[in-house]
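The exercises below ask you to read a strand, a pocket and a cavity from a model. Work through each task before turning to its solution.

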Amino acid sequence: MTTATGPVDAQVRAAIGIVATRFRAMEQQIIDGMTAGMLEIDHLDGDPVLVDLLRASVEGNITTINHVLANDIPIAHLQPTTAAVEYALRLAQRQVPSNSLMRAYRIGEYEYNRLGLEFLKELQLSEEVVIRAASELARIVFEYIDWISQYVFQAYEGERRRWIGAEGNVLSSTVNQLLDGDDEPGSYEIESFETETGYRLDRTHLALILWSSDPGVLLTEIDRAARSLVVALHSGAAPIITAVDRSTVWAWVPFGKRVPSVDSATVAGQVRLPAGLRLALGLSGAGVAGFRRSHQQARAAYDVATVVPRTEPVVVGYGDRGIAVVSVMARDLPSTRAWIRDMLGPLAADTPGAEVLRATLSVFLACGESHVRTAERMTLHRNTVKYRIGKAMEALPRPGDRMDLALALTVCDHLGSEVLTP
């Protein structure tokens, strides 16, 4: 039996090229699917910053491997994408186990080979060519994943060693143990925590999260801002401050029986944070339960504030209008997006015109459906308000409950393009 190595190799190369074209045509769909699958991995905790970094890493890797397949680029000639490395570093800083990182790459490898085989089966090729093309595709994908996973794992381990050696790591570990521990820790756990941190738990606590999306802001600047904030709040006792990663700090401010007003508007007026920094506030709470609950609330406010990249408002509080409810709805964006579309119809469009109508209608409802008060608050002529409200109400698919309508508008205000219709 004669072989046809030459012709088969040419056919295999051509088949890989077609598959690469299919991959590139479906790039965004593949990125969305892989990101969603990887989000099911434990330890990411739904953090919008980590989710955004994960998506950027997936996009960078998929774009690179598509170029490799389409142009027959040797793996040795590649450079890791910045997003892939940054994602690994951030996981290390947040003490996320490295197996989560490695598992994400294995999921990506499996999905790529699965899709590639489906594409090959759709081509009018002999069984032999399909088998050899699938084998070649698996080889290329394996070599890429093997190369990039080793690179990012080394970056992860290096950052992990540096982070472990950094001042405050013991404090961070102790705080995490208390947050993740039993609902009612025993006296030994409480005593151990207070001994290691110097922070008493038998008080009222206010949790804060300070973060920056500007890579130029140093962790020392964020820490300094946190301590300045504590002074401005007149706590009278030392806070506990721990770095989560190089751009995020968690803090708890202790108070006695009397807790000052700590709503976001008051805090924003008391403290001027350095440019690029933002702050999320929980509500005050007493004892161990209050320590944990206040932090959960600050995390919820942080989640809402970071779903959509923005710089305002600088201070976001769990007690702010709509934040508590919106933080729950942000956990299931597809369902929330569908509900917004059902409630608002054309007003759910991600356009400047729809945004103006949503904003006017939201203020109108907040002002007790008074055209006069709405005009005063928005500095508009009353006839302009009447026109906008009339147009907005006509656009609604159904009158609906005013409370639901107000909530839908609030969700749009906080989550923006994530729940709007392109």
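**Exercise 1.** Which element gives the most residues to the lining of the largest pocket?

*Solution.* The model is a predicted one, in which local features need pLDDT of at least 70 and side-chain atom pairs count only at pLDDT 80 or more, while totals for chains, interfaces and linings use all residues. Residues are numbered from 1 along each chain as its sequence is written, and side-chain values use heavy atoms, with hydrogens and water left out.

Begin with the volume, which for the largest pocket is about 1400 Å³. A pocket is an open set of points on a 1 Å grid over the protein atoms alone, with protein on both sides within 12 Å along at least five of seven lines, and lining residues have an atom within 4 Å of a point. Of the 45 residues that line the largest pocket, Pro 48, Val 49, Val 51, Asp 52 and Thr 306 are the closest to its centre. Two or more lining residues come from each of H2, H3, helix H4 (82-93), E1, helix H11 (287-307) and helix H13 (333-344), and H3 gives the most, with six residues. By class, this lining divides into 21 nonpolar, nine polar and 15 charged residues.

**Exercise 2.** What is the volume of the largest cavity, and which residues lie closest to its centre?

*Solution.* A cavity is a set of grid points where a 1.4 Å probe fits but cannot get out, and the count comes to one cavity of 30 Å³ or more. The space in the largest cavity is about 190 Å³. Its lining has 18 residues, and Met 38, Asn 61, Tyr 105, Gly 108 and Ile 145 are the closest to the centre. At least two lining residues come from each of helix H2 (27-38), helix H3 (48-71), helix H5 (98-122) and helix H6 (127-165). The classes here are 14 nonpolar, three polar and one charged.

**Exercise 3.** Is strand E3 buried or exposed, and which strands pair with E3?

*Solution.* Take burial as under 20% relative accessible area, with a 1.4 Å probe and protein chains only; by that cut-off, eight of the eight residues of E3 (residues 248-255) are buried. Thr 248, Trp 250, Trp 252 and Pro 254 point one way from E3, whereas Val 249, Ala 251, Val 253 and Phe 255 point the other way.

Turn next to pairing, which requires at least two DSSP bridges between two strands. Strand E1 (residues 204-212) pairs with E3 in the antiparallel sense over eight bridges, and Leu 210 has Val 249 of E3 as its bridge partner. Strand E2 (residues 240-245) is also antiparallel to E3, over five bridges, with Ile 240 opposite Trp 252. Two residues lie between E2 and E3 in the hairpin that they form.

Notes
Buried < 20%, exposed > 50% of the residue type's maximum accessible area, 1.4 Å probe, protein only. Helix = DSSP H or I, 4+ residues; strand = E, 2+ residues; numbered from the N terminus. Points joined across faces, edges and corners; volume = space filled by probe spheres on them. Nonpolar A, V, L, I, M, F, W, Y, C, P; charged D, E, K, R; others polar.
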